[in-house]
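This report goes through a structure with two chains in short sections. Please keep the sequence and the 3D view open while reading.

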Amino acid sequence: MELMPKNILFLAHVDESGTALPKAAFEALGAAVELAAVPDSVLTIGLIGENVQDSANALASTRARIIGVSGVEFARPRYSTDAAAAEAICRAVRPEIVIAPATSRFLRVLPGVAYRLKGEVDTHATSIEAAASGILAKRWFYRQRVEAVIQRDARPWFLLLDPGCHEPWAGAAGAAHVESIEVAVSADLQRTSFVGIHVPNSDAQTIRPDAKLLFVAGAGWCKKQGDSKTHVPEAETTILEFLQNSGASLGGSKSLVDQSGENQAVLAFMTHLNQVGQTGSTPRHPKGLSTCCHGEEPHVVGWRFINERRAINLDPNCGWARGKADVLYVADAFRVLPKLSALLAKK
Amino acid sequence: MNTYHIVVCAGIVPDPLQTLEPVTTPAGPALKNEMMLPAVLDPWSAHALYEASNLAAHFSGSKVWLVSAAPKAKLQQVMMNIAQKASFELVPVDAPANGFADAHSVARTLSETIESIAALDRSSLLIFGGWESASRGAGVTMQLVGEHLAIRDQFHGVDRLTVQPDGSFEVLERIEGGRHLVSVCQGPPAVLGWATGNLPEPKNNPQVGMSNMRTIMPALQKAKAGCLPQNVRYVSVNPPKQQRLTRVIKDRSPDDIAAELADWIAEN
């Protein structure tokens, strides 16, 4: 087997606007273009959506061959039709390596496509590079506790690159020629129907992937305070005001989000979707501020991609003090956060 | 009334509070003292099991199978706890599965094991499992199992399944930005990779545990040995090296701390 792939396919889908590609797609394209810079390599772009022409035009200056599957059946995410579309593109291109963004739509469907093509797949790649020994992919195991560099001999090898891991490709838009592939959508591919996107109420939309700051609330916000009473309504107001004034994205520790299932007093806007850590998400933000959270290892593994970390906790020996935060303020978050909110509001 | 045959695919993982240190063995990467580490059912799989149990409880005649590929001794240890939380029939495969085992091999083993369950009715079949895992965290095994079983209705990152009066079901799947994709599927067969769902962890029920253990122990004794060919070549395997020099600030007034944090947040 040749060490370096000659035929590289970049796959992407049109985003919910129906006219553009998601930001993660440009990042994955950046990685694909770098890989295809190896002599004799050829990059092909495959696009899926109701209408792919606008997206193709945005990629015109890659000068790559562009293949598209389009039609109303491919407007919305659905495993059966998305898999059929991606499979058709792959069968037309016969790639050795497939690079795609790790969006929820592709994470759902591309492993199945790899199976159909007798290939193999790795998701959540954090880097993809060409080396003398072939393609190297880096990804985490055990929820960001072990990092490995891997290779595979199987082809096609599907690699889904996590958002925020590569500089996005940038180039001038132009008029692109799209080779269209027809994909028959039989009745058995339409057993599932798209109903809609469930969006939290605007005042409860606390998860903001593009925010500069991650704000984590721990279980301490709902515990008894110095007066031996809980102050949950006050905690809710304080946190929501801070989120409003800082523009931060809200995360929670497992112990806090689990309280709702244990019939304890809870923060009304905190759900399992906010959970950060071993059994939650691993968001990417430049900065993170933790409050009323002990910083135990299962939670802190979710901070792997938070560059600058500060914490406010009453316990000077909490987990954050043991090399997990840059700065630990030994203080009462109930007293600090309203003042911080007021200062941010002035700015 | 609908009835469901629900197969839950579940792996086991080290207890999250354990320190994990990778080591190299002749068979590839592994964790130091792996067989000594206390194990738990993978958290996402556990949610899938609780959801399966809840669904089966609401539709009489339904049944839950738990298919797991794991070292038999570890699986037995985990079952002592999990068997008290939900009724199921265990279908074990004695295999050296850990976070470094290849998802494709694990999926093939699980698929073949599911196919070997004679009582399964495909027209009422729901394959449940974790959306991701606390080991590989790849989120690909369930899709591969579904494809092997030729099931083309798949849902991943599922937080809710609601059966409608006509037998169809509505599914909420997690997507970007803390939102959910809402879809309706006409009915089984389907694959559902669960996120955390909405159910709390069931309390231990010793009666359920006693009932389960009557079938679990013989099943473990008869567990077939599974082979997991390794298709991945590990070039390097390392724990993260970054250790921060934490500055611990005490005896500072809330005003001072707020001012310092405000400046820090405003910095580019």
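What percentage of the 347 residues of chain A count as buried? The share is 54%.

## Model and confidence

The structure is a predicted model. It scores ipTM 0.94 and pTM 0.90. For chain B the mean pLDDT is 94, and 100% of the residues in that chain reach 70 or more.

## Chain A as a whole

Chain A contains 8 helices and 16 strands. Among the contacts in chain A with a separation of 6 or more, 68% come from residues 24 or more positions apart.

Two domains are assigned in chain A: domain 1 covers 7-189 and domain 2 covers 202-346. Their C-alpha centres lie 35 Å apart. Where these domains of chain A touch, domain 1 gives 4 residues and domain 2 gives 5 residues. On the domain 1 side of that contact there are 2 polar and 2 charged residues, and no nonpolar ones.

Strand β6 (residues 127-131) and strand β7 (residues 134-141) of chain A run antiparallel and are joined by 5 bridges.

## Where the chains meet

How many residues does each chain bring to the contact? Chain A brings 77 residues and chain B brings 69 residues. Sorted by class, the chain A side that touches chain B holds 38 nonpolar, 18 polar and 21 charged residues.

Strands also pair across the two chains. Strand β11 (residues 192-198) of chain A and strand β11 (residues 179-185) of chain B are antiparallel, with 6 bridges between them. In this pairing Ser193(A) faces Val184(B), a residue of β11(B).

In general, strands of a sheet pair through backbone hydrogen bonds, in either a parallel or an antiparallel sense. The parallel sense is found between β6 (residues 63-70) and β7 (residues 89-94) of chain B, which share 6 bridges. One position to look up is Ser68(B), whose bridge partner in β7(B) is Pro92(B).

## One residue in chain B

Thr113(B) is part of helix α3 (residues 103-115) of chain B. Is Thr113(B) buried or exposed? It has 22 other C-beta atoms within 10 Å, and the cut-off for a buried residue is 20 or more, so Thr113(B) is buried.

Leaving aside residues up to four places away in sequence, Thr113(B) touches Val67(B), Val91(B) and Val93(B). Of these, Val91(B) is 22 residues from Thr113(B) along the chain, and their C-alpha atoms are separated by 7.8 Å.

Key. Residues are numbered from 1 along each chain as its sequence is written. Chains are lettered from A and ligands numbered from 1 in the order in which they are written. This is a predicted model: local features need pLDDT of at least 70, side-chain atom pairs count only at pLDDT 80 or more; totals for chains, interfaces and linings use all residues. Two residues are in contact if their C-beta atoms, placed from the backbone, lie within 7 Å. Ala, Val, Leu, Ile, Met, Phe, Trp, Tyr, Cys and Pro count as nonpolar, Asp, Glu, Lys and Arg as charged, and the others, Gly among them, as polar. Two strands pair if DSSP finds at least two bridges between them. Helices (H or I, at least four residues) and strands (E, at least two) are DSSP runs, numbered from the N terminus. pLDDT is the predictor's confidence in each residue, from 0 to 100. A residue is buried if 20 or more other C-beta atoms lie within 10 Å of its own, exposed if 12 or fewer, and partly exposed in between; C-beta atoms are placed from the backbone. Domain bounds come from an automatic or database domain assignment.
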